[in-house]
Amino acid sequence: MKKVEFKYRRLVQVSQVMNVPERWNELSGSQFIIVARQMFEKLSPENFFCQFFSINRNILKRMDGLQIFKLSELIQFISDMTLPCNTWLLKKIGPFRAPSQN
């Protein structure tokens with residue numbers, strides 16, 4: 001995981017720190033679902049970034065092209081389906097549960 005800090009100014013400077021996954025097995029269950037939705041439903045780039053990074057639309061709108069490009073570089077692994085993942089990202093789907101990781 002990489003730490004990313006968003007700094008922006010309202011009346012005072014506000015800072016938001018988040019951990020960004022660098023490989024498939026670091027995705028949270030909700031991030032995995034967002035990636036799947038992007039692949040099958042084709043979310044708009046704005047919706048994808050807001051949901052994946054858990055950032056407000058207003059913050060995303062304040063970013064310039066380079067900042068958005070750098071965010072997309074951080075999650076480049078998503079476009080490479082050949083990378084392995086040896087963990088269950090979704091622990092439960094309906095009545096089904098993932099095997100324990102013993």
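Let's start with Ser54, which counts as exposed because its relative accessibility is 55%, and the cut-off for that label is over 50%. This is a predicted model, by the way, so please hear every value as computed. Where does Ser54 lie? You'll find Ser54 in the loop between α2 and α3. Its backbone is worth a look too: phi of Ser54 is near 55 degrees, which is a positive value in a residue other than glycine.

Now hop over to the loop between α1 and α2, where Lys42 lies. Phi of Lys42 is also near 55 degrees, and again we have a positive value in a residue other than glycine. Is Lys42 buried or exposed? Lys42 has 61% relative accessibility, so exposed is the word here.

Okay, let's go inside. In soluble globular proteins, nonpolar side chains tend to be buried together. In our model, the largest nonpolar core holds 23 residues. Phe48, Phe52, Phe53, Ile75 and Ile78 are the ones with the most contacts inside that core.

Finally, if you have the structure open, click on Ile78 with me. What does Ile78 touch, once we leave out residues up to four places away in sequence? Its partners are Trp24, Val35, Met39, Phe48 and Phe52.

Thanks, everyone!

Technical notes: Residues are numbered from 1 along each chain as its sequence is written. This is a predicted model: local features need pLDDT of at least 70, side-chain atom pairs count only at pLDDT 80 or more; totals for chains, interfaces and linings use all residues. Side-chain values use heavy atoms; hydrogens and water are left out. A nonpolar core is a set of buried Ala, Val, Leu, Ile, Met, Phe, Trp, Tyr and Cys residues joined through side-chain atoms within 4.5 Å. Buried means under 20% relative accessible area, exposed over 50%, partly exposed in between (1.4 Å probe, protein chains only). Contact means heavy atoms within 4.5 Å. Helices (H or I, at least four residues) and strands (E, at least two) are DSSP runs, numbered from the N terminus.
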